[in-house]
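Keep the viewer open while you read.

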Amino acid sequence: MELLSYALGALSPVNLGLALLGVASGIVIGALPGLSATMAVAVLVPVTFGMAPESALIMLGAIYTGAIYGGSYSAILVNTPGTPSAIATTFDGFPMAKRGDGDLAVTLSTLASVAGGLVGVLALLTLAPLLAQVALSFGPVEYFWLAIFGLTLISALSEGSTLKGFMGAGFGLLLSTIGVAVVGGDIRYTFGSQVLLGGIETVSALIGLYCIPVLIDLVATPEAHLKVDEERRGIRLREGLGHAWLGKLNLLRSASIGTVVAILPGAGGSIASLVSYSEARRAARDASSFGKGNPQGVLATEAANNATVGGGFIPTLVLGIPGTPPDAVILGALLVQGFRTGPELFTTNASITYTFVAGLFLATCLLLPLGLLIGRYAFKSIITIPKALLVPTIAFMTVIGTYAIRNSVSDVLIMLTLGVVGWLLNRYGFRPSPIVLGLILGPIAEQGFVQGFLMGRASGAIVTTFFGGPISLTIIALSVLSVFYPLLKERRARRRGHDNGSSHQEASP
Amino acid sequence: MRVSRSIALVTGLGMTIAAGVTTLAVANEFPSKDVQYVIPFGPGGESDISARLQQKYFEEITGQQLVVQYMPGGGGAVGWSQLSDMPSDGYTIMGSNLPHIILKPMGKDVGFQTEDLNNVFYFHYSPDAILVRNDSPYETLDDLIQAAEEAPGTVTFSGSGTYSANDVANTRFQQLADVTTTYIPFKGTGAAVTALLGGQVQAEWGYTTVAANHQDKVRMLAVAAEERHPMFPEVPTFKELGYDMVGGAYRGMAVPDATPEGVQQELSDIFQQINQDPGFRQEMQDLGFVLMDVPLGEMDEFMAERRDMYEASARELGLID
Amino acid sequence: MTDANRKLQAACSARSEFLLPLLFIALSGVCIWQARDMSQLGAVFPTTIALVTLVAAVMRIGQLALRGVRSNVGRGRGSTPRRVLLVLAMAAWALAMPWAGFLLAGLASFVTLMLIAQHEPWTPRRLMGHLITGGVLVGCFYGLFALLLNVPLPVGRWWMG
């Protein structure tokens with residue numbers, strides 16, 4: 001019970017205060033669109049140099065945990081995912097808020113985040129060396145198939161026409177090729193403009209495609225942004241716990257998926273919550289209510305989302321390969337503090353490791369009271385603030401948030417352009433999610449494909465390279481399943497004599 | 001007419017004196033506030049970690065903070081193309097990396113020219129190295145060269161990026177050893193080392209720093225430094241083995257062109273002073289870096305020398321004619 | 001199965017349902033055309049994706065032509081001028097920021113957007129209240145980003161001399 005002594009060490013009043021401060025400021029930073037966990041952590045790093053190592057680690061973990069959770073506020077209340085991993089939270093969170101259940105959605109997200117976070121930290125503590133091997137068994141080819149699998153989720157996630165989903169994804173994938181290519185070094189689709197040289201930044205695209213359309217429609221009518229019920233209902237904790245208890249299997253499954261998928265560096269964090277979401281939907285009896293404000297959708301994505309914190313640290317600490325950008329910053333800070341990754345993790349470095357894990361654990365527990373409190377406040381301010389103030393405030397956040405990502409005015413213009421394009425496309429039945437999915441998965445698919453091709457050419461067996469490995473075959477099978485499952489389900493439904501006239505011919509191209 | 005001309009003359013003179021005085025004053029008190037240090041890459045990379053280590057000593061020496069920021073995109077091009085628009089008072093400095101700043105603008109327009117960057121100091125480099133897994137059948141560099149000779153193109157190397165330090169190193173190595181290998185570019189050193197550890201490739205073009213980070217899982221066959229790295233006394237240099245390869249990823253800092261000469265010198269001195277600190281030297285060495293001092297005065301010569309070498313490689317890569 | 005049931009429901013007007021796939025075909029065409037100048041490794045991915053998009057768009061047109069399409073009549077509410085004004089105001093904001101500086105551009109845009117978003121008539125009291133709140137909000141954000149988070153916000157080239 002070495003951990004316990006470290007946990008008790010972590011519980012000194014000073015450290016507890018720092019953890020509280022870290023979680024609270026993390027939540028606030030994460031809740032602002034554009035202000036990411038990466039930035040929160042990066043700003044804090046120099047401050048931690050002056051602290052005792054334990055305090056520094058606890059505070060870094062706390063601010064990271066808080067920021068990942070805080071991202072759900074903007075997803076639920078203004079339909080803007082702060083990070084790619086919060087995309088799926090908008091699917092059900094925003095419809096819930098629209099119909100007046102925003103307070104319930106925030107409470108659910110808090111409960112799910114705590115549950116998911118605890119599962120992730122537990123996995124980090126007990127299974128880290130074992131699970132880290134997962135990260136190594138994924139080569140370029142496996143990443144390529146994983147990206148393809150992520151793209152097939154479109155057919156499960158797109159409402160309406162699947163073909164439109166594919167066109168949207170194609171658009172997103174083409175957007176992702178803009179700029180200097182990693183493999184080949186070409187400068188592509190910049191049309192001679194230096195503004196596009198650095199490519200389209202994912203988070204600014206998220207803000208543009210999700211938040212700007214909301215703003216555009218917000219100014220068009222005098223109606224309130226969210227529906228408000230007259231009666232006061234507090235934080236609706238009892239109701240939230242009820243939903244969580246009903247969805248306990250969902251929570252556990254989503255948290256496990258989140259932990260394991262997040263181990264894959266680079267790709268994991270962004271698709272973990274999407275996979276959990278589509279799994280939750282597949283398993284649910286009332287699948288059609290997903291995307292229209294089903295509480296289980298929020299539970300699934302948020303549990304997965306916060307499980308990625310623990311999961312992402314597994315390759316970071318065991319292999320020295322950071323899973324996500326904030327992991328990279330924290331690893332840098334750990335290196336500066338004298339920490340070395342590798343087998344000494346739980347021996348020579350045990351004091352640093354255990355303190356850090358204990359800090360994450362503490363921070364996740366603190367999410368519950370702090371999250372409910374700050375969430376209540378965020379919800380209240382969104383519904384009480386008059387529209388004439390709400391619009392400029394959100395607009396202000398999108399502009400400053402996008403600017404701050406890489407200190408670039410060009411990114412603000414790109415964000416705005418994508419916003420207008422996104423609004424137009426949305427009007428014609430093209431949803432933003434396939435576009436964003438294409439944008440995120442494009443580089444992973446492309447690099448995986450070209451690297452796999454080069455590897456296959458070197459060994460003289462391109463086909464075996466792509467279709468040889470057991471992991472590749474499993475992912476291919478899953479992709480095929482996710483494309484055809486909705487069709488099969490529909491056919492079965494029709495055989496029961498129920499024809500709703502929806503698009504049964506729309507197979508994937 | 002006369003009057004106005006003399007007024008102009010006096011004003012001009014006054015301004016020159018004023019400017020001179022300000023420069024002097026600035027040079028004496030520099031820095032009197034926090035210095036913004038823009039890294040043209042994302043967080044967590046070697047440029048970031050080096051900057052983080054410098055932060056502490058910068059504050060000790062000057063009493064001011066070194067504030068690290070990131071401006072990633074286009075392999076550094078996004079940051080470097082904006083350097084000339086930044087304030088030229090010396091309070092904004094940007095990380096400068098070789099071979100990137102020379103290779104990137106070669107033959108295409110990436111928004112900046114090598115000459116646009118006013119390098120004030122280069123402080124270290126991570127020497128190129130060939131890494132293999134601990135269980136690799138290649139015990140020496142000769143084993144690997146032999147394998148590449150027997151079946152040209154089958155030995156695969158992972159590395160970070162196209163037209164990058166790793167790509168250049170591989171090209172030069174192929175030339176010197178007269179073999180053909182397959183170079184597979186990855187996004188960043190982290191992804192390249194993952195491919196090596198996962199057994200996707202047989203070897204990696206990396207740096208001593210990578211070996212230092214993954215000591216328990218990888219070993220180096222040769223290092224492209226002048227002498228053996230103190231952390232890895234058993235690993236030979238390429239030179240010892242008969243290949244004239246010394247190089248790697250060099251790091252320094254640049255300022256906008258209009259920055260006063262005195263301030264540039266002051267910055268160069270500060271970072272040189274950081275480089276002398278025994279604590280800093282130890283920390284850098286433990287991470288696998290090799291420290292060096294290229295102050296402002298020697299910068300032109302250093303850059304010209306590196307440029308010649310990279311141009312030769314670039315010609316080989318087909319980047320320029 | 002009646003004919004009306006077979007028809008696809010358009011998201012907007014029936015004509016636009018045909019127009020959008022055509023736009024995607026044009027986009028794919030441009031991308032494939034542009035890819036000619038790239039190296040083989042760089043061109044393979046965008047070309048493939050553009051082809052897939054093109055095929056999806058053609059299939060969509062075929063589907064629409066075969067099954068017919070029904071215009072969506074219950075759509076389009078709200079004031080389009082306000083939407084356009086919002087976008088224009090935000091674009092002007094981004095363009096003015098490097099010149100006028102973050103604080104000034106931010107304050108001016110905040111007030112402009114406030115006027116665009118207000119549907120009810122202004123009373124002096126409400127106007128003053130909103131202006132003060134807006135000023136405080138902009139100030140808070142400025143403080144958060146510039147001072148706490150060390151983001152180098154544009155000072156404004158006009159004032160730099």
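**A walk through the chains**

Let's start at a proline: Pro99(B) sits in the loop that links β3 (92–98) to α4 (100–103) of chain B. Helices here are DSSP runs of H or I with at least four residues, strands are runs of E with at least two, and both are numbered from the N terminus. The peptide bond between Leu98(B) and Pro99(B) is cis, with omega about 0°.

Before going on, some housekeeping. This is a predicted model, in which local features need pLDDT of at least 70, side-chain atom pairs count only at pLDDT 80 or more, and totals for chains, interfaces and linings use all residues. Residues are numbered from 1 along each chain as its sequence is written, while chains are lettered from A and ligands numbered from 1 in the order in which they are written.

Most residues other than glycine have a negative phi, and most peptide bonds are trans. Tyr163(B), though not a glycine, has a positive phi, near 55°, and you'll find Tyr163(B) in the loop between β5 (156–160) and α6 (165–177) of chain B. Asp178(B) isn't a glycine either, yet its phi is positive at about 55°; Asp178(B) lies in the loop that runs from α6 to β6 (182–186) of chain B.

Are these two buried or exposed? Burial is judged by counting other C-beta atoms, placed from the backbone, within 10 Å of a residue's own: 20 or more is buried, 12 or fewer is exposed, and anything in between is partly exposed. Tyr163(B) counts as buried because it has 26 C-beta neighbours inside 10 Å. Asp178(B) has 10 such neighbours inside 10 Å, so it counts as exposed.

Now zoom out to the whole of chain B. There are 11 helices and 10 strands in chain B, and its C-alpha trace spans about 85 × 45 × 30 Å along the principal axes. Chain B has 321 residues, of which 53% count as buried. Two residues are in contact if their C-beta atoms, placed from the backbone, lie within 7 Å. Among the contacts in chain B with a separation of 6 or more, 76% are between residues 24 or more positions apart.

Chain B splits into domain 1 (7–125 + 249–317) and domain 2 (127–223), with bounds that come from an automatic or database domain assignment. Taken over C-alpha atoms, the centres of domain 1 and domain 2 of chain B are 30 Å apart. Where they touch, domain 1 of chain B puts in 14 residues and domain 2 of chain B puts in 14 residues. On the domain 1 side, helix α11 (residues 299–317) of chain B has the largest share, with 4 residues. That side of domain 1 of chain B is made of 9 nonpolar, 3 polar and 2 charged residues. In this scheme Ala, Val, Leu, Ile, Met, Phe, Trp, Tyr, Cys and Pro are nonpolar, Asp, Glu, Lys and Arg are charged, and the others, Gly among them, are polar.

Next, the contacts between chains. Chain A and chain B meet through 45 residues from chain A and 45 residues from chain B. Several elements of chain A supply at least two residues each to the side touching chain B, including α3 (37–49), α5 (87–137) and α17 (432–459). Which element gives the most to that side of chain A? That's α13(A), with 7 residues. By class, the side of chain A that touches chain B has 27 nonpolar, 17 polar and 1 charged residues.

Chain A also meets chain C, with 50 residues from chain A and 58 residues from chain C. Here α15(A) has the largest share of the chain A side, at 11 residues. The side of chain A that touches chain C has 34 nonpolar, 9 polar and 7 charged residues.

Finally, go back to α5(A). At Gly100(A), α5(A) bends by about 135°, the bend being the angle between axes fitted to the seven residues ending there and the seven starting there. The 51 residues of α5(A) have end C-alpha atoms only 27 Å apart, short of the 75 Å a straight helix would reach; that expected span is 1.5 Å times one less than the number of residues. Of those 51 residues, 38 are buried.
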